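Take a look at the chain below.

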Amino acid sequence: MFTDLTELDLNELNIFVSINGEAQYLSEETNYLNGTGQSEGHQAIVYGLIIEINGTEYVINKLGKECREALEEAAEKELNKQL
């Protein structure tokens with residue numbers, strides 16, 4: 001018989017997950033010749049995930065493109081709330 005592990009509370013198991021990456025702040029830049037540019041805000045660069053289990057860290061750097069992009073988008077949204 002199998003048990004669905006998605007029901008387990010990771011905090012109770014002493015397991016913590018964090019993003020391995022960095023963010024940089026970009027100033028607004030406008031290209032007046034063609035009307036393009038970048039908006040002001042943080043840009044997140046995600047390298048992978050860090051999973052800490054009972055005090056030992058494991059780094060996972062192989063993430064699918066969609067997963068990495070979703071993490072970057074979520075991180076940028078959270079960081080840019082402060083602007």
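## The sheet

Three strands form an open sheet, in the order β1-β4-β5, and their pairing is antiparallel. The edge strands are β1 (15–26) and β5 (56–60), and each of them pairs on one side only. From one strand to the next, the twist averages 35°. Strands are DSSP runs of E with at least two residues, helices are runs of H or I with at least four, and both are numbered from the N terminus. Two strands pair if DSSP finds at least two bridges between them.

This is a predicted model: local features need pLDDT of at least 70, side-chain atom pairs count only at pLDDT 80 or more, and totals for chains, interfaces and linings use all residues. Residues are numbered from 1 along each chain as its sequence is written, and side-chain values use heavy atoms, with hydrogens and water left out.

## How the strands pair

Start with β1 and β4. Strand β4 covers residues 41–53 and pairs with β1 in the antiparallel sense over twelve bridges. F16 has E52 of β4 as its bridge partner.

Now move to β4 and β5. Their antiparallel pairing runs over five bridges. The hairpin of β4 and β5 has two residues between the strands, and N54 takes a positive phi near 50° there.

## A closer look at E57

E57 sits in strand β5. Which residue stands opposite E57? E52 does. Is E57 buried or exposed? E57 is exposed, because its relative accessible area is 52%. The cut-offs are under 20% relative accessible area for buried, over 50% for exposed, and partly exposed in between, with a 1.4 Å probe and protein chains only.

Leave aside the neighbours of E57 within four places in sequence. E57 is then in contact with I50, I51 and E52. Contact means heavy atoms within 4.5 Å. E57 and I15 are 42 residues apart in sequence, with 9.7 Å between their C-alpha atoms.

## The helix and the whole chain

Along the sequence, the pattern reads β-β-β-β-β-α. Helix α1 (residues 65–80) lies across β1 and β4, and runs at about 115° to β4. Such angles run from 0 to 180 degrees between N-to-C directions, and the axes are lines fitted to C-alpha atoms, for helices over the stretch in contact.

E72 belongs to helix α1. E72 touches A44, I45 and V46, not counting residues up to four places away in sequence. E72 counts as buried because its relative accessible area is 15%. Of the 83 residues of the chain, 11% count as buried. Now take contacts between residues at least 6 apart in sequence: 49% of them join residues at least 24 apart.

## The surface

The accessible surface of the chain comes to about 7,000 Å², and 51% of it belongs to carbon and sulfur atoms. Accessible areas come from the Shrake-Rupley method with a 1.4 Å probe; for residues, only the protein chains shown count as cover.

L5, L8, L10, L13 and V17 form a nonpolar patch on the surface, with about 460 Å² of accessible area together. Patches are made of residues with over 30% relative accessible area and no salt bridge; like charges are joined within 9 Å, and nonpolar side chains (Val, Leu, Ile, Met, Phe, Trp, Tyr) within 5 Å. L10 lies in the segment before β1. L10 counts as partly exposed because its relative accessibility is 40%.

## Salt bridges

Side chains of opposite charge can pair when their charged atoms come close. In a salt bridge, a side-chain nitrogen of Lys or Arg is within 4 Å of a carboxyl oxygen of Asp or Glu. How many salt bridges does this rule give? The count comes to three.

K65 forms one with E69, with the closest N and O atoms 4.0 Å apart. K65 and E69 are four residues apart in helix α1, so about one helical turn separates them. K65 is exposed at 57% relative accessibility, while E69 is partly exposed at 37%. R68 forms a salt bridge with E72, and their closest N and O atoms are 3.6 Å apart. R68 is partly exposed, at 27% relative accessibility. E78 forms a salt bridge with K81, with 3.2 Å between the closest N and O atoms. E78 is partly exposed at 43%, and K81 is exposed at 58%.
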